[in-house]
Amino acid sequence: MEEINRKLESEEEGQWPISHNRKACIREFNSKYMVDVREFYTKDGKECPGKKGIMMPQCQWAKFIQSANAINAVVLKRSQSKEVDNGKGDS
């Protein structure tokens, strides 16, 4: 239950974990809200954003989301064909 509460608090703050060291966040930059997908590191017990990441304004984020299904379809197709090439696919 505590983990669920932490997740809800994180989402309300505009942060969504992707992996143990990556997060998607909402940040304000130059008076505009941006979607920031970034690696984080720990320094002196505090979590800090790293240099590796991408920050997108809302218009670019919307375009990315519109493209997500097409991107996913290509990833799945390529990964399946690679499995077949390696002899791991269904025959």
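Visitor: What sits over the ring of Phe40?
Guide: The charged end of Lys23 does, 5.0 Å from the ring centre. A charge is taken to sit over a ring if NZ of Lys or CZ of Arg is within 6 Å of the ring centre and within 35 degrees of the ring normal.

Visitor: Before we go on, what kind of model is this?
Guide: It is a predicted model, in which local features need pLDDT of at least 70 and side-chain atom pairs count only at pLDDT 80 or more, while totals for chains, interfaces and linings use all residues. Residues are numbered from 1 along each chain as its sequence is written, and side-chain values use heavy atoms, with hydrogens and water left out.

Visitor: Back to Lys23. Where is it found?
Guide: Lys23 is in strand β2, which covers residues 22-29. Strands here are DSSP runs of E with at least two residues, and helices are runs of H or I with at least four, numbered from the N terminus.

Visitor: Does Lys23 count as buried or exposed?
Guide: Lys23 counts as buried because its relative accessibility is 15%. Buried means under 20% relative accessible area, exposed over 50%, and partly exposed in between, using a 1.4 Å probe and protein chains only.

Visitor: Which side chains does a polar contact join to Lys23 at 2.4 Å?
Guide: That of Glu47. A polar contact at 3.1 Å also joins the side chains of Lys23 and Gln15. The term covers a pair of N or O atoms within 3.5 Å; within protein, one must be able to donate a hydrogen and the other to accept it, and residues adjacent in sequence count only if both atoms are side-chain atoms.

Visitor: What else is Lys23 in contact with, leaving aside neighbours within four places in sequence?
Guide: The list includes Trp16, Pro17, Ile18, Asp36, Val37 and Arg38. Contact means heavy atoms within 4.5 Å.

Visitor: Changing topic: how many salt bridges in the whole structure?
Guide: Four. The criterion is a side-chain nitrogen of Lys or Arg within 4 Å of a carboxyl oxygen of Asp or Glu.

Visitor: Which residue does Glu39 meet in one?
Guide: Arg22, with N to O at 2.9 Å. Glu39 lies in strand β3 (residues 32-43) and Arg22 in strand β2, so the pair ties together parts that are 17 residues apart in sequence. Arg22 is partly exposed, at 38% relative accessible area.

Visitor: And what does Arg27 form a salt bridge with?
Guide: Asp36, the closest N and O atoms being 2.6 Å apart. Arg27 is partly exposed at 27%, whereas Asp36 is buried at 1%.

Visitor: Which residues do shared partners join into one network?
Guide: Arg38 forms a salt bridge with Asp36 as well, with the closest N and O atoms 2.9 Å apart. Through shared partners, salt bridges join Arg27, Asp36 and Arg38 into one network.

Visitor: Where is Arg38 found?
Guide: In strand β3. Arg38 is buried, with a relative accessible area of 13%.

Visitor: Which backbone oxygen does the Arg38 side chain reach?
Guide: That of Lys51, at 3.2 Å. Beyond four places in sequence, the contacts of Arg38 include Asn21, Pro49, Gly50 and Met55.
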